[in-house]
Structure formats: C-alpha cells, structure tokens
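This briefing goes with the chain shown below. Please read it with the structure open.

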Amino acid sequence: MKKIIAVILISSFSVLFGCDDKVERRKELESIETPKPRTAWQSGEYTNEFNDSTGIRFLANTTVFFGKYSSSATTNSQLFVKIFFDKNGTASIRMYEDDLSADNLKRHYSDKKYIAKIREGNGAIHEFEGFSSTNEIGFPGGSKSTHGMTITEIFSSKQNLKVHIRGERREIEQYTFDITEAELDGFSTALSSMGYKQSSPVK
C-alpha cells in the first residue's frame, strides 16, 4: 500500500512540475519578439568634418551591388556600387574599383556628363543624364527618362534591373551592374519615410 501511495505522489509531482515547465516554456516563447523584416535599404545622416550630424538625411543600399567597369587602363574589372538617395529623389552613385575600401572609392571621373541606361525586367530601357563630382555621379531628382519615369519610380517597380553608365565624350569609360528585385525590397517605404513623395503611382 505504501508503495502504491509513493508512486501516486511521484506521478502527481511529475504532472505538476511538467505543467509548470510547459507554462514557463510557453511564456518564454511568447516573450520573444517577432523578428522585424529585413530591408535592403537604410537611412542615415551625413556628417561634417568634425563627425557631427548635418541633419541632412540619405537612403543607401545595405547590400553592395556588384558589376564590372572598363576604362583606358582596364577591361571588365570588378566593380562595387553604393547608391545614395536624398529626400528629393536625387540619386548619387559611388563606384568602388576592385574592392569596397575607402582607398578604392573612385574620386576622379574623366567626363563631366554621364549617360545612364536602366533596363527593367520587362525589357523597357530608360535613359538619364548625370553629372560627376568629386567622388560620385549624380542624377537629379525628378528627372524623367524617355519613358517618362524617374529613377525612384523605376526602383519602386520592384523588378530586376541592369544599369549601364558611360561617359558622354569618353565612351571607353563604362560601368555596368545589376540590381535584383530582392535588393529593391523596402526601397519605396524607406524613401517615403524621409519625406519623399512619389509623383505618380508605382506600377
């Protein structure tokens, strides 16, 4: 009889403690935050020479775009690309030659004006004019392509894109890179959060 009572008591404790473990485990799982969706774009602020914030915000790709570049000195060398957008939709493209280090950021362009062609996944080709500065090629916000779309509208369309940029006078200087649909994820939402308003509905 004593053995039977002991078995019952042990079983009761096991059930009770087992329930407690399940309750605690459920609470632990419920306390874990649902992961936030990742985005391929992130906003930030430019800083001055003292590393103080200027209050000027930008949006840039978090994953580097890869491609090739050619010039009078090389052909089809490795290219790394970062694109910065401001709240007006201006796109500033920075090229890194051979590897993604500050030393390899291209700081001199042989042409003043550059022609960019962007081909969408549906085959449509858009052409834009841009201008070089110290370390980037800028394409003014609001400028429309031959198909009547801005760069921000093209990026918001969420299609695979192929970008080709060449000098207006020195056509030997060329840059080509791809942007996948996944790499455009979150672009439109992130740009809107900076105060940018799309001029026409995104297709």
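The model is predicted. Its chain holds 3 helices and 10 strands, and 36% of the 203 residues count as buried.

**Overall make-up**
- Read from the N terminus, the order of elements is α-β-β-β-β-β-β-β-β-α-β-β-α.
- Of the contacts between residues at least 6 apart in sequence, 50% join residues at least 24 apart.
- The chain has an accessible surface of about 12,600 Å², and carbon and sulfur atoms account for 54% of that surface.

**Ser-77**
- Ser-77 belongs to strand E4, which spans residues 77–85.
- Ser-77 counts as buried because its relative accessibility is 14%, and the cut-off for buried is under 20%.
- The side chains of Ser-77 and Thr-74 are joined by a polar contact of 2.4 Å.
- Leaving aside residues up to four places away in sequence, Ser-77 touches Gly-67, Lys-68, Tyr-69 and Asp-98.

**Aromatic pairs**
- Across the whole structure, a search finds 14 aromatic pairs.
- One of them is Tyr-46 with Phe-58: the ring centres are 4.7 Å apart and the planes stand at 45°, so this pair is tilted.
- Tyr-46 is in strand E1 (residues 41–47) and Phe-58 in strand E2 (residues 53–61), so the pair ties together parts 12 residues apart in sequence.
- Tyr-46 is partly exposed, at 28% relative accessibility, whereas Phe-58 is buried, with a relative accessible area of 14%.
- Phe-65 and Phe-177 form a stacked pair, because their planes are at 0°, with ring centres 6.4 Å apart.
- Phe-65 lies in strand E3 (residues 65–70) and Phe-177 in strand E10 (residues 174–179), so this pair ties together parts 112 residues apart in sequence.
- Both Phe-65 and Phe-177 are buried.

**Aromatic cluster**
- Phe-65 and Phe-177 also belong to one aromatic cluster, together with Trp-41, Phe-85, Phe-155 and Phe-187.

**Charges over rings**
- Arg-94 has its charged end over the ring of Phe-84, at 4.5 Å from the ring's centre.
- Lys-106 lies over the face of Tyr-109, and the distance to the ring centre is 5.2 Å.

Conventions
Residues are numbered from 1 along each chain as its sequence is written. This is a predicted model: local features need pLDDT of at least 70, side-chain atom pairs count only at pLDDT 80 or more; totals for chains, interfaces and linings use all residues. Side-chain values use heavy atoms; hydrogens and water are left out. Helices (H or I, at least four residues) and strands (E, at least two) are DSSP runs, numbered from the N terminus. Buried means under 20% relative accessible area, exposed over 50%, partly exposed in between (1.4 Å probe, protein chains only). Contact means heavy atoms within 4.5 Å. Accessible areas come from the Shrake-Rupley method with a 1.4 Å probe; for residues, only the protein chains shown count as cover. A polar contact is a pair of N or O atoms within 3.5 Å; within protein, one must be able to donate a hydrogen and the other to accept it, and residues adjacent in sequence count only if both atoms are side-chain atoms. Rings of Phe, Tyr and Trp (its six-membered ring) pair if their centres lie within 6.5 Å; planes under 30 degrees apart count as stacked, over 60 as edge-to-face and the rest as tilted. A charge sits over a ring if NZ of Lys or CZ of Arg is within 6 Å of the ring centre and within 35 degrees of the ring normal.
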